[in-house]
Amino acid sequence: MIELKNLTKSYARGRVKAVDDLSLKTERGEIFGFIGPNGAGKTTTIKMIAGILAPDAGGVSVGGADMLAEPVRAKKLIGYVPDSHDVFDRLKGIEYLNFIGDVYGVPEKERRERIEKYLAMFEITDAAGELVRSYSHGMKQKLALTGALLHKPPLWLLDEPMTGLDPKSALALKEEMRAHCREGNTVFFSTHILEVAERLCDRIGIIYKGKLAALGTMDALRTGEKDATLESIFFELTETA
Amino acid sequence: MNAWQEYRRVLFLHIRMQFSLSALGAKGRKRSGRETAKLLGFGFLLLYAVGAVLLFYGLILFPFLRGAAEMGLQVPVMGIVILLCMIIVMFFGTMSLFSLVFGARDAETYAALPLREQTVFAVKFTMTYGIEAATTAVFLWPAVVIYGVVSELPAPSFLLLILRALPVWLLLPAVPMALAALLSMLLTRLTALSRHRDALMLVFGMVLVLGMTLGQGLLSGRLATALGDADKVTEMLTDTGAMLKAVTRAFPPAMWGAQALIGAAAETALGYFGLAAAAAAGAAVCLPLSRRLYYKGVLAQLEAPRSKKKGYKQGGVKAGGALGAFYSKEMRTIFRTPVYALNILTGIVILPLMLAVGLIGTGGLSAGAGELKDLLNSLLGGSSGDMFYLLAAGVVMLTGVMGSTGVSTSFSREGRMLWLSQTVPVPARTQVAARLLAGFTLSLGGAVLSLAVLSILAGFTPAQAVFGLVAGSCAAFPLLAAAIIPDALKPKRKWNSEAEAMKQNFNSILGLLLDIGIAVVIGFAAYALQKLLPVWAAAAILAPACLGGGYAVFCCAARIADKMMKTADG
């Protein structure tokens, strides 16, 4: 679904390499967890996949569409949720969802059904008629998640999706991620909650200082020790690298 | 930490943040040739923008002050200049305080810190005062220099004049700013009591604009009435102090400012004393009041009240196109954000409003449309109706220029939310088109209002109004398309208040300058063609040319926006 080829991105005119020659592929129907310490390059990578940042070198393709050459086709396949909780705050929740539905071309019938379903799932139906600026962080996150699911994207791209969610909504989100993948779609998400990544992900990529330090299923990552947790693997990789 | 130390610390912190001083002083920071070129280009544009404003203002002021000097009326004329400075400061100061002080997003952060409430208010007030002092400088210093030149002052006297002007310049914004602060504090506190505070802020803001325009109209009316009275004119010509009093009676600090600047020694002392005492009185009222009202008002502005209704209307889910989605989003955001709505509507509505209020204030309404049309006929050089057609089109084009702020800050206003525009599968071309369409709709509203005022007060015929609307709209297209280019190139994405996204955004000035340049070219071409051809033929040539040119500019803007959206990172 996603193919990253030698992806490189630098800041401060090349002095800081945020992402350094990163290559990876994700398959249809898998949940891919992207973990790493703060400043490791997770968000930069996700932004390049979403088409917000152009890489200095290398390429991104989503569902066979090259993000640089065919951005509109590639973006149609993605439902993106940033880590910032920034949503147009002078729109009402329902107006925001209509906006998203319009730009992704979701027909009215499907739109109505999905809006009802996800608003109920995240328990924000009552707030949908209010201005987004009156929402709490968690509610904004739920709205952004609803918007990202509205067009049933083949790729759900989530940057720290659990931040700000209450336990019930976090559980609902995890179930939705699983259900989304069961339908043959892909979920690519970053997280700091290692237990979530360990339990939920089919494969995990650990990024450290812009490079992919490890990649594989939990079993594959436990190369030496059978009982190793993701936490111990993570610390071993990031402290010895 | 005492109050003064606290104030200094927070003020320095604010200054560092506002002007990114930390980034400038960062170690190991070396600029590439491209960055240096960009910086120089930016500096040049800034100089050009300030220079253009100063030149334009100076060209208007010079003959006015020279004439006044020949008649020995410099003091009252300088009084008018100072009064105008104060009105401008009060108007822009109130708008700035509304948005920068009472709409600041960092208010919650400060409220949580162990800082005195009045310290935070005083710091934000000082920052706004600095901005208004800069605005005052643009209007006061050219007048001071021109006054020195036309009065043929010798070098030492000229130097003395500059030295006398310095404290006047620094003290001048104090009274209007104190009044603006009082007004803003009371209004924000009042609006905080209502659920519809955004709408109330907008209404109050528009009432303020109307009030100030009406005040200015009445002031002109008073002067015109005084000049119509032979005895009063004689009195004013024999006693310049009487004229100064007549002009500044409504607002004594303006008289003190003029006296301090160019009065005799005793008057100067009195003038400085008056200004300083008024400034001190302003501080003595505002600071204690801010301790009680500031946080209550500002924090309430950050809250968004919930309605009692639950959920959303069943008819609320409607499908539409991407262009319509961006257009609706743009319009909703503008009208639901008082700062945006005030700034854009002020630009668009001020023209017909000033026209109408000015006429009402000076008694022009009672003169009747016929007399006004005769006056316009003689001003436009002849009784040919062709110039009325051009005038109508010019007014519509001008509302396009006035309303360009809505377009020239369109990407900046999204700020951190720009990620959404970057990630949705909608080409930059469609997004730019929607933004232009929104700007055009707003300008069109102002144009219709202007034409209605002209039709009622100046007897413009329906044919002239319709012609003006169509031809002027064609001319406005390249203006609006050009206005978005600076913002598409480099939007201002990080701001602490909505005012920063719009008012303190250099893109809006650049957009305006581009518009003025294009408007001058179109206006000149229209005038020249109208001399050679009938007005309909001239329009038949110029309108397609404007549409074609506008389309080319639009394509250019779309390409620039496309490139920006692939690289802009929040």
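**Sheets and a chain contact in a predicted model**

Me: In which sense do strand S3 and strand S9 of chain A pair?
Reply: This is a predicted model. In chain A, S3 covers residues 31-35 and S9 covers residues 203-208, and four bridges join the two strands. One residue of S9(A), Ile206(A), stands opposite Ile35(A). The sense of the S3-S9 pairing is parallel.

Me: Which strands stand at the edges of the open sheet of six strands in chain A?
Reply: The order in this sheet of chain A is S6-S7-S8-S3-S9-S10, and its pairing is mixed. An edge strand has a single partner strand, so one side of it is left without a neighbour in the sheet. In chain A that applies to S6 (78-81) and S10 (211-216).

Me: What is the average twist from one strand to the next in that sheet?
Reply: The sheet is the open one of six strands in chain A. From one strand to the next, its twist averages 15°.

Me: What angle does the direction of helix H1 make with that of S7 in chain A?
Reply: Helix H1(A), residues 42-50, packs on the six-stranded sheet. The strands it touches are S3, S6, S7 (155-159), S8 (186-190) and S9 of chain A. Between the directions of H1(A) and S7(A) the angle is about 150°.

Me: At what angle to S8(A) does helix H6 of chain A run?
Reply: H6(A) spans residues 167-182. The helix lies across S3, S7 and S8 of chain A. Relative to S8(A), H6(A) runs at about 145°.

Me: Which strands stand at the edges of the sheet of four strands in chain A?
Reply: This open sheet has antiparallel pairing and the order S2-S1-S4-S5 in chain A. Each edge strand has a single partner strand, so one of its sides has no neighbour in the sheet. The edge strands of chain A here are S2 (16-26) and S5 (65-66).

Me: Which residue of S4(A) is the bridge partner of Lys5(A)?
Reply: Strands S1 (residues 2-11) and S4 (residues 57-62) of chain A pair in the antiparallel sense over five bridges. For Lys5(A), the bridge partner in S4(A) is Gly59(A).

Me: Which element gives the largest share of the side of chain B that touches chain A?
Reply: In this contact, 34 residues of chain B meet 39 residues of chain A. The elements of chain B that give two or more residues to this side are H14 (322-336), H21 (418-423) and H27 (535-567). The largest share is seven residues, and it comes from H14(B).

Note on methods. Residues are numbered from 1 along each chain as its sequence is written. Chains are lettered from A and ligands numbered from 1 in the order in which they are written. This is a predicted model: local features need pLDDT of at least 70, side-chain atom pairs count only at pLDDT 80 or more; totals for chains, interfaces and linings use all residues. Two strands pair if DSSP finds at least two bridges between them. Axes are lines fitted to C-alpha atoms, for helices over the stretch in contact, and angles run from 0 to 180 degrees between N-to-C directions. Two residues are in contact if their C-beta atoms, placed from the backbone, lie within 7 Å.
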